[in-house]
Amino acid sequence: MSSGNVVIAGGSGMIGGHLVRSLVADGYGVTVLTRDPARTARRLPAGVRTVGWTVRPDAALVSAIDGAAAVVNLSGVPKAMEDVPTSPVEQTGPFGRSRG
């Protein structure tokens with residue numbers, strides 16, 4: 001059994017769904033960042049936390065990743081291209097900030 005929480009962007013997709021199930025089976029807490037938390041929660045194992053998220057950093061995202069053992073980004077391209085960050089640094093946002 002493992003411990004800690006793993007945050008996954010794209011946890012409702014084909015690869016992400018398998019990863020979520022594997023992590024839950026191994027004893028990890030899992031938080032999935034998703035555009036539609038209610039719909040996503042119905043597709044995932046009981047106990048998986050879902051947090052509404054778009055591609056923009058916000059307080060909900062920062063709160064979700066605070067203290068996480070790991071953050072995995074498997075998210076695809078946003079539905080609206082105007083939501084796409086313009087640089088790799090902007091895309092990484094709070095995922096790439098060092099914790100000090």
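First, the ground rules. The model is predicted: local features need pLDDT of at least 70, side-chain atom pairs count only at pLDDT 80 or more, and totals for chains, interfaces and linings use all residues. Residues are numbered from 1 along each chain as its sequence is written, and side-chain values use heavy atoms, with hydrogens and water left out.

Start with the layout. The protein chain has 4 helices and 4 strands. Helices (H or I, at least four residues) and strands (E, at least two) are DSSP runs, numbered from the N terminus. Read from that end, the order is β-α-β-α-β-α-β-α.

Now the overall figures. Of the 100 residues in the protein chain, 27% are buried. Buried means under 20% relative accessible area, exposed over 50%, and partly exposed in between, with a 1.4 Å probe and protein chains only. The accessible surface of the protein chain is about 6100 Å², and carbon and sulfur atoms hold 54% of that. Accessible areas come from the Shrake-Rupley method with a 1.4 Å probe; for residues, only the protein chains shown count as cover. Next, contacts, meaning heavy atoms within 4.5 Å. Take those in the protein chain with a separation of 6 or more: 58% of them link residues 24 or more positions apart.

On to the strands. Which strands does β1 pair with? β1 pairs with β2, residues 29-34, in the parallel sense over 5 bridges. β1 also runs parallel to β4, joined by 4 bridges. Two strands pair if DSSP finds at least two bridges between them.

Asparagine 5 has glycine 29 as its bridge partner in β2. Between β1 and β2, the chain crosses through helix α1, residues 14-25, and this β-α-β crossover is right-handed. Right-handed here means that, with the strands pointing away from the viewer, the path from the first strand over the helix to the second runs clockwise. Valine 7 is bridged to threonine 31 in β2. Towards β4, alanine 9 stands opposite asparagine 73.

β2 has another partner. It pairs with β3, residues 49-52, again in the parallel sense, over 4 bridges. There, threonine 34 has glycine 52 as its bridge partner in β3. The unit of β2, helix α2 (residues 37-43) and β3 is a right-handed β-α-β.

Now some single residues. Valine 20 sits in helix α1. Is valine 20 buried or exposed? It is buried, because its relative accessible area is 0%. Leaving aside neighbours within four places in sequence, valine 20 is in contact with Ile8, Gly11, Val30, Val32, Leu44, Pro45 and Val48. Its C-alpha atom is 8.9 Å from that of valine 6, which is 14 residues away along the chain.

Glycine 4 comes in the segment before β1. It counts as partly exposed because its relative accessible area is 38%. With neighbours within four places set aside, glycine 4 is in contact with Tyr28, Gly29 and Ala69. Glycine 4 and glycine 67 are 63 residues apart in sequence, yet their C-alpha atoms are 8.7 Å apart.

Alanine 68 is in the loop between α3 (59-65) and β4. At 22% relative accessibility, alanine 68 is partly exposed. Alanine 68 and threonine 31 are 37 residues apart in sequence and 9.2 Å apart in space, C-alpha to C-alpha.

Last, the surface. Which residues make the nonpolar patch? Met14, Ile15 and Leu74 do, and the patch covers about 330 Å². Patches are made of residues with over 30% relative accessible area and no salt bridge; like charges are joined within 9 Å, nonpolar side chains (Val, Leu, Ile, Met, Phe, Trp, Tyr) within 5 Å. A salt bridge is a side-chain nitrogen of Lys or Arg within 4 Å of a carboxyl oxygen of Asp or Glu. Leucine 74 lies in the loop between β4 (70-73) and α4 (88-92). Leucine 74 is partly exposed, at a relative accessible area of 34%.
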